[in-house]
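Subject: Structure for you to look at

Hello,

Here is the structure I said I would pass on. My notes on it follow below.

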Amino acid sequence: MKTIRLTMAQALVRAMIAQKTEIDGRIEPFFAGVWAIFGHGNVAGLGEALHASRDELVTWRAHNEQGMTHIATAFAKASRRRRAMACTSSIGPGALNMVTGAAVAHVNRLPLLLLPGDVFANRIPDPVLQQIEDFGDGTVSANDAFRSVSRYFDRITRPEQIIPAFNRAMTVLTDPAECGPVTLSLCQDVQAEAFDYPESFFADRIHRIRRAEPDERELVDAAALMRESSKPLVIAGGGVLYSGAERALAEFCNRHGVPSGETQAGKSSLLPDHPLNMGGLGVAGTSAANELAEEADLIIAVGTRLQDFTTGSWGIFHNPSVKIVTLNVQVADATKHLATPLVADARVGLRALESHLSGWKADPDWTQKARNGLEAWSESSLRYQAEPSASQETLPSDAQVVGAVQRVAQASDIVVCAAGGLPAELQKHWRPGMPGGYHMEYGFSCMGYELAGALGVKMADPSRDVIVMLGDGSYLMLNSEIATSVMLGQKLTVVLLNNRGYGCINRLQQAVGGAPFNNLLENCTQVVTPEIDFIQLAQGLGARTEKVSGTAELSEAVERARTADRTTVIVIDTDPKAITDDGGTWWDVTVPEVSSREAVRNARTTYERLRAGQRIGN
């Protein structure tokens with residue numbers, strides 16, 4: 001057996017370079033690069049190895065460890081899980097800053113390789129700088145925090161351990177069912193230790209998407225339920241996009257007259273002009289989709305994990321005889337709520353169903369009802385997005401801001417968002433012109449994802465303009481990667497809606513009977529009300545800036561940003577109270593059983609009534 005003597009870090013980097021992926025017949029590197037913030041736990045070992053291979057595996061410097069994990073996660077999502085990035089930090093606070101990003105990738109089932117430095121395996125410099133000491137367990141380090149947010153976790157305490165650990169890592173990163181973050185915790189002394197590695201470990205390896213075929217019995221059972229159904233409704237999740245099943249889904253809906261609602265991750269699976277695309281489903285959904293969900297006798301869930309925002313906390317399906325068929329690559333998702341499972345790749349599964357559904361169509365009255373509902377919703381949506389009238393004295397709503405951006409958007413644009421009230425407005429109103437034109441992180445709903453994530457989206461496809469929409473709360477949590485976008489020449493258009501606080505949670509607080517408290521700046525404990533200058537903040541990070549006073553000016557500013565030479569931040573003041581109250585459905589947010597406030601007691605009464613409509617267990 002031929003071997004080559006390398007340090008563990010050098011072997012890891014060389015093995016990463018050898019991983020390839022096939023995309024539409026092209027062979028590309030699976031790892032696009034490595035984000036690194038160096039410290040004593042990774043600079044000497046992994047840092048030296050990355051420097052030696054910088055021409056084959058690029059290393060980028062970020063400004064925040066959480067930010068760089070968001071960049072990598074968004075890149076993987078925008079690449080439909082075909083490519084990934086790695087992130088490395090030192091031990092201690094640098095590593096723990098990556099845990100939030102790991103959770104984002106975990107919830108959203110996205111490939112992310114995390115390489116945090118760790119303590120010395122030899123235990124001689126004990127305790128080392130930044131080491132967490134557990135008085136009852138000498139094996140614990142800060143990196144154990146990654147265990148709950150990693151699909152696979154391994155601590156490398158000997159250099160040869162990287163061989164099976166990295167092979168396992170690649171299996172997880174490239175498997176549609178297992179996909180998620182991998183943490184290889186690299187003891188800093190082991191990074192620099194040498195071993196005679198087999199040359200076969202560094203042979204090129206091409207990864208191709210695995211398309212699982214459905215079990216014939218499951219296929220027959222799922223098709224039988226469909227043939228018995230007259231009022232079916234598809235729920236299109238992110239798995240449709242990861243599978244590349246958009247065309248198969250459109251053909252399925254057209255052929256059988258089945259309307260489709262979409263999750264946040266699944267939006268853009270069907271384009272807005274598809275006559276049976278009802279738009280968003282659930283808490284942030286459209287009236288068209290939610291009215292069908294209440295009456296449907298069959299739910300066909302494709303590539304979705306059916307989380308509470310989609311199902312209205314399992315309170316949206318009112319038909320007592322409704323059945324659920326779940327098409328998913330992951331068994332755990334396919335069998336939720338006693339659904340009839342169809343464990344398969346979304347594209348393969350949809351096409352396999354056709355051989356069992358010849359001649360079947362939904363009730364024509366049901367299909368027509370869907371079309372009528374969509375027409376009514378579209379008219380309502382346009383009213384919410386319309387330019388403010390001359391008599392409107394209040395600040396513009398989020399929906400009006402969305403409308404202003406939409407009116408100057410191009411079909412190839414990608415809109416990016418993550419948390420707060422904007423995801424609801426965007427799911428209801430944004431009309432993506434192409435698949436992948438809607439990038440929403442709403443699995444973990446992580447404030448601060450937006451700007452870093454947008455950079456990852458842009459790096460995945462530099463040919464498309466990326467428009468970030470976010471509130472001042474998310475902006476203040478994590479805006480440092482604006483400087484990284486400028487440094488790397490990756491231009492973004494940032495629309496910052498300033499409602500002076502956490503407007504979404506302020507509304508939720510009052511909806512459950514609470515008093516306005518600690519969300520908007522005006523309701524917080526303070527000595528002086530902060531007057532935050534977002535223009536100066538963005539300029540200090542190297543961005544172009546504009547402050548606009550209304551939606552007409554906003555549209556013009558977005559068009560100017562399109563031709564700018566670098567990232568532009570556009571600031572607009574908005575109304576923290578105005579929302580789109582058409583559409584949507586109930587969401588289970590527990591209200592206290594005991595309160596001295598009448599508003600809370602009334603909200604509890606309403607809560608108990610609505611909770612009685614939840615489907616429990618099935």
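What percentage of the 618 residues in the protein chain is buried? Buried residues make up 58% of them. Please keep in mind that this is a predicted model.

Overall form. The protein chain contains 23 helices and 23 strands. Its C-alpha atoms fill a box of roughly 70 × 65 × 55 Å along the principal axes. The radius of gyration is 25 Å, which agrees with a compact globule, because a globule of 618 residues would have a value near 25 Å. Among contacts in the protein chain with a separation of 6 or more, 76% are between residues 24 or more positions apart.

One helix pair. Two packed helices are described by the angle between their axes and the distance between the axes. Helix 3 covers residues 65–78 and helix 17 covers residues 449–460; they pack at an angle of about 45°, and their axes are 7 Å apart. Helix 3 is therefore oblique to helix 17. The crossing of helix 3 past helix 17 is right-handed.

Which residues meet where helix 3 and helix 17 are in contact? On the side of helix 3 they are Gly-67, His-70, Ile-71, Thr-73, Ala-74, Phe-75 and Ala-78. Helix 17 contributes Tyr-449, Ala-452, Gly-453, Leu-455, Gly-456, Val-457, Met-459 and Ala-460. Sorted by class, this contact has 10 nonpolar and 5 polar residues, with no charged residues.

Regards

Note on methods. Residues numbered from 1 in each chain as written. Predicted model: local features only at pLDDT ≥ 70, side-chain atom pairs only at ≥ 80, totals over all residues. Heavy atoms only, no water. Axes fitted to C-alpha atoms, helices over the stretch in contact; angles between N-to-C directions. Helix = DSSP H or I, 4+ residues; strand = E, 2+ residues; numbered from the N terminus. Parallel < 35°, antiparallel > 145°, perpendicular 65-115°, else oblique. Left-handed = near helix turned anticlockwise from the far one by under 90°. Contact = heavy atoms within 4.5 Å. Nonpolar A, V, L, I, M, F, W, Y, C, P; charged D, E, K, R; others polar. Rg over C-alpha atoms; globule rule 2.2 N^0.38 Å. Buried < 20%, exposed > 50% of the residue type's maximum accessible area, 1.4 Å probe, protein only.
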